[in-house]
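Me: Hi! Could you walk me through the salt bridges in the structure I'm about to paste?

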Amino acid sequence: MERFNLDGEKIKPLTICLIGGGGFIGSHLCEKLLYKTQHTAIIIDISSTKIKHLLRPYSCWFGRVQFHEINVKRDTLHRHLEPLIAASDLVINLAAICTPANYNTRPLDTIKSNSVDAIPVVEFCIKYKKRLIHFSSCEVYGKTIGSFLPKDHALQNVSELYLLKEYDSPCIFGSIDKQRWTYACAKQMIERLIYAQSALHSLEFTIVRPFNWIGPRMDFIRGIDGPREAVPRVLACFTGNLLRGKPLKLVDGGQSQRSFCYIKEAIEAVLLIIENPARANGKIFNVGNPENDVTIKQLAELMIEVYADVTKQPASKFTTIDVSSNNFYGPGYDDSDKRIPDMTIINRELGWKPAMRLRTILKLCLDHAINEYKSAIKNECDSLLEFHTGYEYFSGSE
Ligand SMILES: NC(=O)c1ccc[n+]([C@@H]2O[C@H](COP(=O)([O-])OP(=O)(O)OC[C@H]3O[C@@H](n4cnc5c(N)ncnc54)[C@H](O)[C@@H]3O)[C@@H](O)[C@H]2O)c1
């Protein structure tokens, strides 16, 4: 069926190279491209676990998807990357190390994967005149101006001081000993490179700044589909502890605020960016849902409520526990206070406005997690019960 963009132009099928396309966002984006459009996806990643359902032979889209198992870091002389970029109409760069627990423990990898490894992608896009959609992060804003004011200051309620705007807000990071900002700093560097190169070399680009997109397949559950010692992002951390009946850990009381957006709504925004180059080129877009702005403590409480409802258990069975950032992430941790996206630009240019409220999103995420992990959790409980009385496990001590 013919499809048309926002300017009424017929959408031509594109060959899209998705670097890091096997991750959380990539897997949902590839689903959308293959199920709902005629575009072809060339996926580059070190893992295909999250997209294996898309790579089944004999599916009706099979001729439109390729997976290349490539670690871009180890692709010496870019022998694999360069021809794949050259063969595409559009490049989408999603590859990154983007879990906060890694920022302290793997600083070099964090900095490289979010900046240095993206440099050849920018260079090949210039060389072969390919359009680039680069995934940055809302973390580039850092802290808000409001966070530096005394708590009872009259200006605290002035929205300009905390609403994050693509072309107005400064990027405010903590001091160098606050290692958390290595990721944001690396992301900012590559944004600046892309912006500067577009002016010098007419690079066609769009920068996407996701604000806490959440949904199924985000990260992993420790000890099931990821290492037990690794720490995923907050949704997966809380989900894993709910599934195991353990308390949800609130770092420094869970006072930081985040705006959560459902992945499938966010992917609609990405598709609009892909198919409306005249409106999206040369722009930076916040993509998030300011209506779903909560503290991490409120997120934990809502997840407990929804999980108790879905599993028909009393909410009193689930608890939260305060932990210091020093114990949880190690020294040098710091955080953004608020992260509320200004949505004027994406709304004006692409007409995108997310509608899904946090409770509904969490229900979808938790329903999915229960289905996906229930047998693994049951096996874990059964084997633990063989060795212990089970009391310690179910009492939630950790
Ligand atoms: N999910 C969010 O809400 C969010 C928020 C801010 C920014 N982002 C950005 O969006 C992008 C995608 O995020 P995500 O949530 O899908 O994360 P993800 O970790 O699920 O996906 C990143 C993918 O990149 C791949 N990758 C990493 N290093 C690679 C390498 N050297 N070679 C090949 N592949 C490599 C990983 O294997 C992974 O599949 C990242 O750039 C991230 O910084 C996401």
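Predicted model: local features only at pLDDT ≥ 70, side-chain atom pairs only at ≥ 80, totals over all residues.

Me: Which residue does the side chain of Lys73 meet in a salt bridge?
Reply: That would be Asp117, with an N to O distance of 2.8 Å. Lys73 sits in the loop between strand 3 (65-69) and helix 2 (81-86), and Asp117 in the loop between helix 4 (107-114) and helix 5 (119-127), so the pair ties together parts that are 44 residues apart in sequence.

Me: And Asp117, buried or exposed?
Reply: Buried, because its relative accessibility is 15% and the cut-off for buried is under 20%.

Me: Switching topic: how many salt bridges turn up in the whole structure?
Reply: A search finds 25. One of them joins Lys32 to Glu268, with the closest N and O atoms 2.5 Å apart. This pair links distant parts of the chain, 236 residues apart: Lys32 is in helix 1 (residues 24-36) and Glu268 in helix 8 (residues 263-275).

Me: Nice. How accessible is Lys32, and how accessible is Glu268?
Reply: Lys32 is buried at 17% relative accessible area, while Glu268 is partly exposed at 34%.

Me: What about Lys165, which partner does it have?
Reply: Its side chain meets that of Glu160 in a salt bridge, 4.0 Å from N to O. Lys165 is partly exposed at 22% relative accessibility, and Glu160 is exposed at 52%.

Me: Which residues do shared partners join into one network?
Reply: Glu139, Arg180, Arg258, Asp335 and Arg339 are connected that way through their salt bridges.

Terms used
Residues numbered from 1 in each chain as written. Heavy atoms only, no water. Helix = DSSP H or I, 4+ residues; strand = E, 2+ residues; numbered from the N terminus. Buried < 20%, exposed > 50% of the residue type's maximum accessible area, 1.4 Å probe, protein only.
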